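How can the packing of two helices be put into words? Two packed helices are described by the angle between their axes and the distance between the axes.

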Amino acid sequence: MTASISAHNLFVEFPIFENSHRSLKKAVLNLSTGGVIGKDAGNHPVVTALNDLNFEIRDGDRIGLVGHNGSGKTTLLRVLTGIYSPTRGRLDVQGRTASLLEVSSGVDPDATGFENIYLRGIMSGLKPARIKERIDEIAEFTELGDYLNLPVRTYSSGMLLRLTFAISTSIDADILIMDEWLSVGDASFRDKAAKRLKDLVDKASILVIASHNPELIQSICNRKLQLEHGRIIADEPVVAPPPEAAPAELAQPAEPVV
Ligand SMILES: Nc1ncnc2c1ncn2[C@@H]1O[C@H](COP(=O)(O)OP(=O)(O)OP(=O)(O)O)[C@@H](O)[C@H]1O
């Protein structure tokens, strides 16, 4: 199947019920970040996080989503993964979508590492036999050894990320959704994690990644969608830099996450 995503007059609006009229007035006057704040029929403030988006993403596209704080990048990623539905308009997605957003969410702290691998597989809709096939590979990748038999609440934050990263990247996806490049673990683990992530990205037909890092967008994307106050203000190819300025390796965030 050919993977594709198309948005038609797509809106995501958040009604805010507890806000006061006084703070709304201040917010409207001070809009350098965020979506546009308006009012609904009941006079409640409404943040329009995504405002009438129209785009087509096709097989082979590597999309870099860029824009100021609150421009709508995370909201769009969440719509693409099905966490949010459009409040108006339509989104058509063809292909299996996998998300690397919030990789540690859904972990059961009282369950062991092995049990969490199993649980996450079930939640992703995998059959038990398929999960069993993957458990050994995931366990080996984490290098957590006997810790996988202990409750996850006993792990350090870096150990937990090793586990959730290994689980989240043990997927087959036509469409991969990411918020910044994931960098996990200590120095020795980080290199093999980067390779695993790159292999996953290379296998996906479509990548959509939000980032504030221009070098990252430049090194892995072929197209850039720029958002401003919930609207697409530019949809353009990412132009390769002159050879002498090209980064030697895939850009990494300045600081590892853990
Ligand atoms: N659950 C929510 N309830 C109300 N407003 C929200 C909610 N989620 C996002 N918003 C609003 O939607 C707009 C877009 O937010 P979003 O998180 O998508 O921005 P972003 O581009 O990812 O920002 P950043 O670069 O800071 O991560 C902002 O004005 C934000 O206040």
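The model is a predicted one, in which local features need pLDDT of at least 70 and side-chain atom pairs count only at pLDDT 80 or more, while totals for chains, interfaces and linings use all residues. Residues are numbered from 1 along each chain as its sequence is written.

Helix α3 (residues 113–123) packs against helix α4 (residues 128–142) at an angle of about 135°, and their axes lie 10 Å apart. The two helices are therefore oblique to each other, a word used for angles that are not under 35 degrees (roughly parallel), over 145 (roughly antiparallel) or 65 to 115 (roughly perpendicular). The residues that make the contact, meaning that their C-beta atoms, placed from the backbone, lie within 7 Å, are set out here.

| Helix | Residues in the contact |
|---|---|
| α3 | Phe114, Ile117, Tyr118, Gly121 |
| α4 | Ile131, Arg134, Ile135, Ile138 |

In α3, the residues Gly113, Asn116, Ile117, Arg120 and Gly121 are buried, which requires 20 or more other C-beta atoms within 10 Å of a residue's own, whereas 12 or fewer make it exposed. What covers them includes α4 and α5 (157–168). The face of α3 turned away from this buried side carries the exposed residues Ile122 and Met123. Just after α3, Gly125 takes a positive phi of about 90°.

Methods:
Axes fitted to C-alpha atoms, helices over the stretch in contact; angles between N-to-C directions. Helix = DSSP H or I, 4+ residues; strand = E, 2+ residues; numbered from the N terminus. Contact = placed C-beta atoms within 7 Å.
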